[in-house]
Amino acid sequence: MSDIIQLLPDSVANQIAAGEVIQRPASVVKELVENALDAGASTIHVLVTDAGKTSIQVIDDGKGMSETDARLSFERHATSKIRKADDLFALTTMGFRGEALASIAAVAQIELKTRRPEDELGTQIYISDSKVDSQTPVAASPGTSFLVSNLFFNVPARRKFLKANSTELSNIITEFERIALVHPDVSFTLHSNDTELYNLPATILRQRILGLFGKKLNQQLLNVDVNTSLVQIHGYIAKPETARKKGAHQYFFVNGRFMKHPYFHRAVMDAYEKLIPTGEQISYFLYFDIDPSTIDVNIHPMKTEIKFENEQAIWQIVAAAVKESLGKFNAIPTIDFDTEDRPDIPMFSTDLPVTPPQTNYDTGFDPFKSAAGSGTSASSSSMGGSYSRPKATDEWESLYSGVEVAMGSKLNNPTFVDDEFEGFDSFETDGSIIGIEPQQETMVATFYGENQFQEKSGLHLQFKGRFILTSVKSGLMLIDQRRAHLRVLFDKYMAQITQREGIAQGVLFPDIFQVPAAKVPIFESIMGELNAVGFELTNLGGGSYAINGVPSELEGINSIDLLNQMLHSAIEKGSQIKEEIQEQIALSIAKASAINYGQTLTNEEMINLVDNLFACAAPNYTPDGKVVLATIKEEEIEKLFK
Ligand code: ADP
Ligand code: MG
């Protein structure tokens, strides 16, 4: 019987190994940029074509390579960064396995140009499918340029596996941002096809964060800086009032590398407990410096989750550090890590119970109380109701045209916010409605098309500023006033959007909407829908858009908040789903303009609202699936009096 084991040809072995390191264009960008940083570059340009599928170029002004090193750099386990096994554990450089270039060379075509500052001539190498095609001396600027073309050209299965350009580009941007956040002192540019997505000059950390995510953040960042014997943590956290459901920038770095750490994430979020509504997120940029021997050596270059030896103790330090910053911000005396009696946390023993560092943090502090009083728009948006009430009452009035609307002062009271109430379970048929003043009693018979509620009383009662009570054939109907109005407005806006007849209202002093570079392609893809409802946006370049016109219904509503929300739902749901975007827009505008709880309604207003509700195709539920109305059956009422 003949032997059946065969050695794989090198080229196949290389391709298999490459799969581990190089998964997508973003991995190439990461490896090349990290090499450039290791080479001491102070300026790094990244240029990608077709999200890196056609080409990826990284140009640096680092120390370059000699002719021999240039050739050797593509050999597997060729590295200038480790000499012996011990080095593995003390490693502070980026990549260290000497595998990245060999892997890229196995699955793409590479042109390398490099020159050391001290050499007169540089070296140019063409390599493809792990084979050197040519090596020649060349005139070149000091530093290194890698041009990687046609990634996975020789592994069709993997090339097919690549995602849409928008997804691959967004992965590249994510890697780029993570690296740029750790090296503010290095200047970076990122170009996609011919568009400049980022141009980041060398600067300090705070400016780098603003350069990446927008100047608006400047007002929002609080400094974090603690030193313990276990770990040093510095960076920034965002003020509680900036909390939102989506789109927060959350970054941990350890010893200069990005990491994911769900456990420490909880420590941060715990520190914000009671300061931000549940389910909302805040941005943070926290940098850990720690003895590398106390963390799990991140052998795998793709690995972003890192194990810490003293995880629980560090958890406490993270939470205390964040609380300290929040406390300082509120001018509440707290733990001070800089004084003599700072908690010097000793090496942690897992046998001992953990006692959190003591702080004088005021747990009773409620930013919403003070913030609401100051009347900032940020405060109202942090309360879950995303919009300030419209100045104009057009919608409400046009719905009840011809009817005098008594706009109660409660209308503008920010404590009346949508969806704070739960269902109808708590409704008690205990006779408490008797306290409500009955309106003039006129019985009207109204037809509601195919609707089941064909016969109702013209008498409507408003209960607790929320429910409209009316008698129908089968019993007593309760209608949630805000939800009913939401349904009515949503249907109206949907009709406008689908018929493309949204009317733009010119703006005298245009606001600027800033889109993070990474999100520009997605934002551009929903531009058509935004135009259709009446947004007029002018691209100013660099992700800035002037809001020259807003849908006429939106006058007085914070259009930047609204655009942000639209952008984030496009990111989540994918901009291809046009209908969902349209619905999202209609719902947002409806939510922003629907009447709130607490607003007193006259009988005629209630009649109008109910009539309009039953003219809708689906009056029973709001567009986002909440119950609009419920009926207490006559039999049930009768049972109560048995
Ligand atoms: P590693 O970074 O783990 O050493 P790589 O395969 O990424 O392995 O790179 C191999 C070697 O090529 C590096 O150790 C370094 O000496 C050299 N090298 C790669 N990129 C550059 C660059 N941009 N400038 C100078 N030298 C480089
Ligand atoms: Mg490397």
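This is a predicted model: local features need pLDDT of at least 70, side-chain atom pairs count only at pLDDT 80 or more; totals for chains, interfaces and linings use all residues.
I then looked at how β1 and β2 (residues 55–60) run. They pair in the antiparallel sense, over six bridges. I checked the hairpin they form and counted five residues between the strands. There Asp50 takes a positive phi near 50 degrees.

Next I looked for another partner of β1. I found strand β7 (residues 187–192), paired with β1 in the parallel sense over six bridges. Here His45 stands opposite Thr189.

I also compared the faces of β1, residues 43–49. Ile44, Val46 and Val48 make up the covered face. Thr43, His45, Leu47 and Thr49 make up the uncovered one.

I moved on to ligand 1. I listed 20 residues around it, with Asn35, Thr79, Ser80, Lys81 and Gly98 the closest. I sorted this shell into eight nonpolar, eight polar and four charged residues. Helices α2 (25–38) and α4 (100–107) and strand β6 (143–149) each supply at least two of its residues.

I looked up polar atoms next. The side chain of Asp60 has an N or O atom 2.8 Å from a nitrogen atom of ligand 1. A polar backbone atom of Leu101 is 2.9 Å from an oxygen atom of the ligand. For the side chain of Thr144, I read 3.3 Å between an N or O atom and a ligand nitrogen. On its own, ligand 1 has 530 Å² of accessible area, and the protein covers 94% of that.

Last, I checked α4. Eight of its eight residues are buried, so α4 is largely enclosed by the rest of the structure. Leu101 is one of these buried residues.

Terms used:
Residues are numbered from 1 along each chain as its sequence is written. Chains are lettered from A and ligands numbered from 1 in the order in which they are written. Side-chain values use heavy atoms; hydrogens and water are left out. A residue is near a molecule or strand if one of its heavy atoms lies within 4 Å of it. A polar contact is a pair of N or O atoms within 3.5 Å; within protein, one must be able to donate a hydrogen and the other to accept it, and residues adjacent in sequence count only if both atoms are side-chain atoms. Accessible areas come from the Shrake-Rupley method with a 1.4 Å probe; for residues, only the protein chains shown count as cover. Helices (H or I, at least four residues) and strands (E, at least two) are DSSP runs, numbered from the N terminus. Ala, Val, Leu, Ile, Met, Phe, Trp, Tyr, Cys and Pro count as nonpolar, Asp, Glu, Lys and Arg as charged, and the others, Gly among them, as polar. Buried means under 20% relative accessible area, exposed over 50%, partly exposed in between (1.4 Å probe, protein chains only). Two strands pair if DSSP finds at least two bridges between them.
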